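Student: I have a structure open and would like to go through it. Could we start with what a term means?
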Amino acid sequence: MKNFLSIILLSLLLTSCKKGFLSLNPESEANAENYYKTAKGFNTALIGAYARFTDYPTMYFEMSSYRSDELSLGAPTAGTQDRYNIDKFADDPSNQILLNVWGNLYNGISRCNEIIARLPDASLGDAERRQVEAEARFIRAYHYYHLVKFWGNVPLITQPVSPSESLKAGSVPSGQILSTLADDLRFARENLPERFASQADLGRATSGAATVLLAKVLMEQKNYAEVQRLLKPLLTSRYKLLNDIAEVFKVTNKNNEEVIFSIRYNKEVPGAGHGLWLGTTSAKSSLVPPKLLAAYGANDRRRDLLLYARSGSSNNFVPNKFMDVISATTQNAENDWILLRFSEVLLMYAEAVNELGYTPSGDAFNCLNIVHRRSAIADPNFTSASLPNQAAFRDAVQLEYKLELAYEGQRWLILTRTGKAASAIRQEENINLPTFRLLFPIPQTEVEKIGNPSIMPQNPGY
């Protein structure tokens with residue numbers, strides 16, 4: 001019997017073509033009426049929706065790590081010009097990477113919209129119907145969160161539309177989209193299980209995952225009181241920090257207590273693995289900015305995770321955070337990509353509490369210290385003496401995000417949320433970042449398809 005992981009990767013193989021914004025019709029229009037009826041049909045449709053997450057690691061490297069101060073290209077090589085332009089803030093609306101990400105996210109959204117729209121006529125019980133809807137709304141919210149973070153105002157599509165209808169879908173203010181996502185995620189957290197009983201369902205969204213994504217959306221809205229309320233119960237939940245951060249990422253320790261939501265892979269199943277992330281043929285990679293390594297203290301174990309080591313007996317080298325040995329059969333690796341983990345919850349909670357008002361002790365200090373001391377065990381605790389005010393505490397949390405989540409796709413998202421992008425880029429790359437570069441240009445082909453700047457303009461500055 002195939003488990004959820006095997007089926008989701010098979011679904012990706014069958015539906016892996018890149019689709020643009022206008023390709024919003026069902027994957028299988030002719031069979032849609034019969035397909036969306038039974039629990040089995042909806043489960044297969046959900047698996048197809050989850051499959052779009054397998055594009056996320058590449059998206060995060062290109063759109064967040066290279067865009068920020070944690071990966072850098074010295075010069076473009078064959079096939080890396082678009083990446084180099086993103087890294088150096090020289091990207092324009094013709095950048096193919098941007099078009100691919102835009103298309104993948106909207107394709108994922110269209111899959112979710114089709115599922116939700118078909119539910120009223122489905123032969124499902126009420127509880128089963130709510131869970132299917134909750135999973136689809138969670139996945140849709142995840143994609144829209146990144147569209148807003150990367151592009152700001154974008155078309156908000158929450159039901160199936162035809163190609164001709166999509167031509168009339170103009171951009172919607174990002175604040176309105178975030179409010180819609182918050183509603184989706186409140187529904188999801190109320191109707192998803194805390195965990196799935198079957199090991200075969202590992203990888204599906206849970207109420208904990210919906211809660212954390214909702215908190216990330218609310219952080220964008222600066223609704224810190226609601227973030228504190230949502231995350232506080234998680235501090236004493238089933239999620240825990242592992243004693244050794246290196247154990248979090250080991251391929252032999254998948255789905256550990258720190259993982260809240262992840263993309264699962266299997267290198268022994270053809271098409272179900274991935275290449276070595278950030279792999280090179282040299283133990284000293286030029287991708288890693290020296291200032292990032294220098295930001296770690298002498299006692300900080302997280303620094304070692306960014307250093308390159310040999311993958312098995314091959315001539316491939318990868319960061320220790322993504323260490324795996326490729327399969328001799330498939331030539332793939334199988335690290336899971338962790339989208340949400342508990343250490344980020346602790347840091348978000350500390351940030352939210354501090355933004356509500358600095359206090360010289362309490363939960364905010366406790367959460368910050370738990371994350372910091374896990375990896376820098378010889379360092380003293382942060383106290384009101386070392387962080388005497390709200391600004392100092394805020395800076396400490398931001399540095400901890402940088403050290404804790406390096407290469408995990410969050411850096412640019414956090415820098416733009418906290419207003420620290422310009423200063424970070426100036427410090428690392430000596431680039432004076434124009435304000436308009438906080439958002440990417442909308443792919444020109446998508447702007448031209450709409451052909452109406454009054455409803456879908458290009459982002460300012462491009």
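This is a predicted model: local features need pLDDT of at least 70, side-chain atom pairs count only at pLDDT 80 or more; totals for chains, interfaces and linings use all residues.

Student: Then is S207 buried or exposed?
Tutor: S207 counts as buried, because its relative accessibility is 16% and the cut-off for buried is under 20%.

Student: Where does S207 lie?
Tutor: S207 belongs to helix 10, which covers residues 207-220.

Student: And which residues is S207 in contact with?
Tutor: Setting aside neighbours within four places in sequence, S207 is in contact with R189, L192, P193 and E194.

Student: Changing topic: what about M348, buried or exposed?
Tutor: M348 is buried, with a relative accessible area of 2%. M348 sits in helix 15, residues 342-356.

Student: Which residues does M348 touch?
Tutor: Not counting residues up to four places away in sequence, M348 touches V212, A215, K216, M219, V227, L231 and Y401.

Student: How many residues apart in sequence are M348 and A49?
Tutor: M348 and A49 are 299 residues apart in sequence, and their C-alpha atoms are 28 Å apart in space.

Student: Now cavities. How many of 30 Å³ or more are there?
Tutor: A search of the whole structure finds five. The largest cavity holds about 160 Å³ of space.

Student: What lines the largest cavity?
Tutor: Its lining has 18 residues, and V248, F249, D336, W337 and I338 lie nearest the centre. The lining of this largest cavity comprises nine nonpolar, four polar and five charged residues.

Terms used:
Residues are numbered from 1 along each chain as its sequence is written. Side-chain values use heavy atoms; hydrogens and water are left out. On a 1 Å grid over the protein atoms alone, a cavity is a set of points where a 1.4 Å probe fits but cannot get out, and a pocket is an open set with protein on both sides within 12 Å along at least five of seven lines; lining residues have an atom within 4 Å of a point. Grid points are joined across faces, edges and corners, and a volume is the space filled by probe spheres set on the points. Ala, Val, Leu, Ile, Met, Phe, Trp, Tyr, Cys and Pro count as nonpolar, Asp, Glu, Lys and Arg as charged, and the others, Gly among them, as polar. Helices (H or I, at least four residues) and strands (E, at least two) are DSSP runs, numbered from the N terminus. Buried means under 20% relative accessible area, exposed over 50%, partly exposed in between (1.4 Å probe, protein chains only). Contact means heavy atoms within 4.5 Å.
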